[in-house]
Amino acid sequence: MKILAIIPARGGSKGLPGKNIKPLGGKPLILHAVDCAKESQMISKIVVTTDSIDIIKVVEKENIEVIVRPDDLAKDDSPVVNVVQHVLDVLQTDYDLLVLLQPTAPLRSGQQLDEIIEMFQKDNELEGVVSVVPMDDIHPARMYKLGQNNNLVPYIESGETSRRQDLIPVYYRNGCFYAVRQNAFLEQKTLMPQYKKPFIMDPNWLVNIDNKRDFAIATVLYDDWKDENSSN
C-alpha cells in the first residue's frame with residue numbers, strides 16, 4: 001500500500017500559544033508526531049502542513065517535507081478536511097491510504113500505526129479507522145442538560161440509575177489516529193467515512209493538548225507512557 005502521513009500544525013493557538021513546538025519530554029511537540037510516522041514500517045511519505053515559520057524551522061531539521069498552508073486554511077475554524085484536500089492538491093499524487101497525526105495527541109507509537117494499517121490490509125472494504133478509548137466513568141448516562149426551570153434533565157432517556165457494569169460501552173475519539181482510504185476521502189469529503197472501525201487504545205494515556213492544563217497532564221503522563229511503551 002502507498003500511505004501518506006499528514007501532520008497538521010497551525011502556528012496560532014489561543015489556548016496554549018506556540019503549543020506545537022512547546023517541548024514535551026525534551027523535544028518539540030510536533031516531533032512526537034513525526035517520530036510516530038518515522039517509526040512505522042509502512043508509511044510511504046510524511047508531510048507537515050503549517051503556516052508557521054517557527055514550525056517549518058523545526059521540521060526541516062528532520063528532513064520532512066513541509067507544505068505551506070494558505071492563511072484561509074490556518075484559522076481557528078478552518079476545517080481539517082480542507083487542509084487535507086490542500087495537501088493532496090499540492091502533491092498531485094495518488095495514495096491508497098491517508099493517515100492524519102495530530103501533534104496534540106502525542107502518546108502513541110509507530111507500532112500502533114502499523115496495526116491500524118494492517119486493519120485495512122485485512123479488510124478491503126474498510127474505508128476508515130479512528131482511534132478511540134473506552135469511557136466507563138464519563139458516560140452519557142451520567143450527563144445532563146438543563147430544562148426550562150434550570151432543572152437537570154438526563155441527556156439520554158435511560159441509564160441514569162444503572163450500575164456502571166450495566167451500561168452499554170461507549171467510546172471517545174482520542175485524536176491520536178485518523179486513517180482513511182484516499183478514494184473514500186475524495187468521495188465523501190470526510191475523515192469519518194461511512195464504513196469505519198475503531199482502534200481501541202488505553203484510556204490511561206488519554207491526553208489531547210489544547211491548553212495549559214492539558215499540557216501539564218501530558219507532562220505528568222509522558223515518562224510513564226514512554227517507559228511502558230519502550231518495554232513492549
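This is a predicted model: local features need pLDDT of at least 70, side-chain atom pairs count only at pLDDT 80 or more; totals for chains, interfaces and linings use all residues.
I started with helix H1, residues 29–39: nine of its 11 residues are buried, so the helix is largely enclosed by the rest of the structure. I listed the buried ones, and they are Leu29, Ile30, Leu31, His32, Ala33, Val34, Asp35, Cys36 and Ala37.

**His32**

Next I picked His32, which sits in H1. Is His32 buried or exposed? I got 7% relative accessibility, and the cut-off for buried is under 20%, so His32 counts as buried. Skipping neighbours within four places in sequence, I found His32 in contact with Leu24, Lys27, Pro106 and Tyr222.

**The core**

I moved on to the largest nonpolar core, which has 34 residues. Ile7, Ile30, Leu101, Leu113 and Phe177 have the most contacts inside it. Elements giving two or more residues to this core include strand E1 (3–8), H1, strand E4 (45–50), helix H4 (110–122) and strand E10 (171–181). Which element gives the largest share? H1 does, with six residues.

**Ile30**

Back to H1 for Ile30, one of its buried residues. Not counting residues up to four places away in sequence, I have Ile30 touching Ile7, Ala9, Asn20, Val48, Ile55, Val58, Val59 and Pro103. I also logged a second, separate core of 19 residues, with Ile67, Leu91, Tyr95 and Val130 among them.

Note on methods: Residues are numbered from 1 along each chain as its sequence is written. Side-chain values use heavy atoms; hydrogens and water are left out. Buried means under 20% relative accessible area, exposed over 50%, partly exposed in between (1.4 Å probe, protein chains only). Helices (H or I, at least four residues) and strands (E, at least two) are DSSP runs, numbered from the N terminus. Contact means heavy atoms within 4.5 Å. A nonpolar core is a set of buried Ala, Val, Leu, Ile, Met, Phe, Trp, Tyr and Cys residues joined through side-chain atoms within 4.5 Å.
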